[in-house]
Amino acid sequence: MKNHLVAALAYEGLCTFEFGCVTEVFALHRPELQTDWYQFAVCSMTPGNMRAAGGLQIQCEHDLRLLEKADTILIPGWQGVQVPVPQQLIAALQAAAARGARIASICSGVFVLAAAGLLDGKTATTHWRYTGILQQRFPEIRVNENVLYVDEGQIISSAGSAAGIDMLLHLIRKDHGDRIANLVARRMVVSGHRDGGQAQYLPRPVLPDGAGALQTLMRTIRAAPGKPYTLRSMADLAAVSVRTLQRQFTDSTGMSPMVWLTRERIASACELLEETTLPLARIAEHCGFGSEETMRHHFRQSIHCSPSRYRRQFGQANENAGQPIV
């Protein structure tokens, strides 16, 4: 790892949080680790001052020629998911990949890698707000919306903002082992490894205006998720046929009625885990899982996290916690 050069890309409108994560992890001197640490430098496409988020101005010492000798290249976000990637940058990244450089993105930075064709036929992730856009624009990429980062060996992508820290610590772990990665995490006062994924942060589907009967059905179920719903009973509540219900759900939410029902029950359970100290068995019953074990199964399948761990991570029970559900 001696003389391993990490190069970070700066650009107009630089995402300062993502860039700050990169500099915190790789730019600081760490003599206490007693290991050959990284060299770090920043490059940009254009000379002169650039604006960064928050009203800052930055100026880079290096241009894209730095990428010709970088061992690891980091793309800390991008100007916007709809902003075209200049051919100059695409060519520089393609050349770096061809000679074996490791290239990683944080959040919207994955759109730079995608535009360069570096993710074709590979799995990638990004912030949950952008996963649908990424999949639509680049159908040759296998988009995983549920993970904090994806390591494809030479190419690595991470989800939104703070997930970049998880990915950067993962790079250190690959290069220097668990002990060094954990020491860096401790200095940053973050977890050395987080369980779960960004599926824990996905919002509930919101239907467009005019969805009528489907909106009414959703509100009914959200008010009483514990009832034993079936396709037939849901169709009856919406006053449509089962076939029509399935089509409308798929068109409006991108998922089947029963998949939506399970996700809705998980969302209801998450709210109770966050806001109350009710026993898991009581939450499982109220949300329609039937048993605590069934609830654990669906949590693992959908958000890759157990109910107990979710409560420890997100629980903010107040003085009214544990009161009966009415």
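Let's start with Ser 157, which sits in strand 10 (residues 155-158); strands here are DSSP E runs of at least two residues and helices are H or I runs of at least four, both numbered from the N terminus. This is a predicted model, in which local features need pLDDT of at least 70 and side-chain atom pairs count only at pLDDT 80 or more, while totals for chains, interfaces and linings use all residues. Residues are numbered from 1 along each chain as its sequence is written, and side-chain values use heavy atoms, leaving out hydrogens and water.

With a relative accessible area of 1%, Ser 157 is buried (under 20%; exposed is over 50%, partly exposed in between, with a 1.4 Å probe and protein chains only). Leaving aside residues up to four places away in sequence, Ser 157 touches Ser 105, Val 110, Ala 124, Thr 125, Tyr 149 and Val 150, where contact means heavy atoms within 4.5 Å. Leu 113 is 44 residues from Ser 157 in sequence, and their C-alpha atoms are 8.8 Å apart.

## Where two helices meet

Helix 7 (residues 213-223) and helix 10 (residues 257-275) have axes that come within 10 Å and cross at roughly 40°. On the helix 7 side, the contact is made by Met 218, Ile 221 and Arg 222, and on the helix 10 side by Trp 260, Leu 261 and Glu 264.

## Confidence

The predictor's confidence in each residue is the pLDDT, from 0 to 100. The chain has a mean pLDDT of 87, with 90% of its residues at 70 or more. Over residues 317-326 the pLDDT is below 50, and this stretch has 16 contacts in the model beyond near neighbours in sequence.

How values were computed
Axes are lines fitted to C-alpha atoms, for helices over the stretch in contact, and angles run from 0 to 180 degrees between N-to-C directions.
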